[in-house]
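Here is a short report on one chain. It covers the fold as a whole, then helix packing, then single residues.

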Amino acid sequence: MPADMYFFHFQKGMDAFHAGHNETARISFLKSARLLYQLAKEAPDPAAQQNWLTRARRVQDLALQLETGQTSSKPAKKPVSDAKKSKSVPASREPEKSEDSSRWELTERPDVTFADIAGLDSVKELIQQRVIFPLRNPEIAAAYNRRAGAGIMMYGPPGTGKTMMAKAIAGEMNLPFFTVQSSSILSKWVGDAEQNLRDLFQKAREKAPSVLFFDEAEALLCKRGGNSTVMNRVIPEFLAQVDGVSKGSEELLLIGATNRPWDLDPAAVRTGRFGEKIYIPLPDAAAREFLLRQKLGELPGVETINFSELVEKTEGYSGADINGLVYRIIDPAFVRAVQMGTQVPIQAEDVQTALAETSPSVTEKDLAEFEKYRKEIQG
């Protein structure tokens, strides 16, 4: 999701900028700006839209300055490790759009791993058992009737890192990653949506083992009924394709993510399809501290930040909320640094102002709905 990823690319740009790799920084800033513009387009109200637009323009301006050479950076005093260098984004591997598999397949395989995701240890362990272990140990898996393919539906509040988790699974295994939005499948023309699904699964089979990730799955797999003739055709075709995977020899990992699991068609989430339903909760205190230290721990002026206080005041925040908070903390210091042409420290006032302007996006009512659903599926 854009809210999960825009800061990921922004921080990669920051790392590259301080290491003196301006071209890599420029590409990462452009990716971040593109996602910010998308968030602005999807904003629920004019104030939120203006907030995202302002950020997008600032980041885009930084990329343009790097392109024209107006902004310079000194080499980082701390050497950049080989692992971090390998995570920079090469300009030649930007995802493309076309009429073939690049509509869905990322030309750049995900460079996110479990180590990049805060907390969720029980979720990672379950995914290891259900997905990664069988794929890495096919003979042992066969002896215990475990298939290398899997059908997992991750559900939970918005901004908790479901998309990042899906990419981390592909990243852990270095697998091709197909990410599917309902808009890329659905069509008003009779038969087009079904053909799109067949094309998608065929392309994924050609690249097997691979990961198929269905984001916002409720839009594609909503409960059948009513007057939606398109959905009444699409879901049976989708189920037929999934059943073909379960009966075939292809190693396709099927992963879905949804903020509204109660809207999914029951046939889509039964055993053999998306039968493994995994709740992705809000980050606990340890996970929030991990995220905050990961994103702020090496910035100029970090000694002014009281992390214990930040962890306490961000209770109830999603990962996306924390990204937004971090951005608000960094933004004024980063602008000052660009204006002065050198690094300047984050100030305590930056942190307090950011906290005053930020609040959790997930309500108690939202959490109660997820708790009700969890109890229902657990019997």
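## Terms and basis

A crossing is left-handed if the near helix is turned anticlockwise from the far one by less than a right angle, and right-handed if clockwise. Helices (H or I, at least four residues) and strands (E, at least two) are DSSP runs, numbered from the N terminus.

This is a predicted model: local features need pLDDT of at least 70, side-chain atom pairs count only at pLDDT 80 or more, and totals for chains, interfaces and linings use all residues. Residues are numbered from 1 along each chain as its sequence is written, and side-chain values use heavy atoms, with hydrogens and water left out.

## Overall fold

The chain has 15 helices and 5 strands. Of its 379 residues, 49% count as buried. Buried means under 20% relative accessible area, exposed over 50%, and partly exposed in between (1.4 Å probe, protein chains only).

Contact means heavy atoms within 4.5 Å. Take the contacts between residues at least 6 apart in sequence: 77% of them join residues at least 24 apart.

Two packed helices are described by the angle between their axes and the distance between the axes. Axes are lines fitted to C-alpha atoms, for helices over the stretch in contact, and angles run from 0 to 180 degrees between N-to-C directions.

Helix α11 (residues 285–296) packs on helix α13 (residues 319–340) at about 35°, with the axes 10 Å apart. The crossing of α11 and α13 is right-handed. From α11, the contact uses Arg-288, Leu-291, Leu-292, Lys-295 and Leu-296; from α13, Gly-319, Ile-322, Asn-323, Val-326, Ile-329 and Ile-330. By class, the residues of this contact are 7 nonpolar, 2 polar and 2 charged. Here Ala, Val, Leu, Ile, Met, Phe, Trp, Tyr, Cys and Pro count as nonpolar, Asp, Glu, Lys and Arg as charged, and the others, Gly among them, as polar.

Helix α5 (residues 121–136) has 16 residues, yet its end C-alpha atoms are only 20 Å apart. A straight helix would reach 22 Å at 1.5 Å a residue; the expected span is 1.5 Å times one less than the number of residues. α5 bends by about 45° at Gln-128. The bend is the angle between axes fitted to the seven residues ending at a residue and the seven starting there. Buried residues of α5 include Val-123, Ile-127, Gln-128 and Pro-134.

α5 and helix α7 (residues 162–173) pack at about 40°, with axes 11 Å apart. Their crossing is right-handed. α5 contributes Val-123, Lys-124, Ile-127, Val-131, Ile-132, Leu-135 and Arg-136 to the contact, and α7 contributes Met-165, Ile-169, Glu-172 and Met-173. The contact of α5 with α7 has 8 nonpolar, no polar and 3 charged residues.

Asp-121 lies in α5. Is Asp-121 buried or exposed? Asp-121 is exposed, because its relative accessible area is 58%. Asp-121 and Ala-287 are 166 residues apart in sequence, but 9.9 Å apart C-alpha to C-alpha.

Phe-238 sits in helix α10 (residues 229–247). Phe-238 is buried, because its relative accessible area is 1%. Not counting residues up to four places away in sequence, Phe-238 touches Leu-197, Phe-201, Phe-214, Leu-221 and Phe-274. Thr-358 is in the loop between α14 (348–356) and α15 (364–377). At 14% relative accessibility, Thr-358 too counts as buried.
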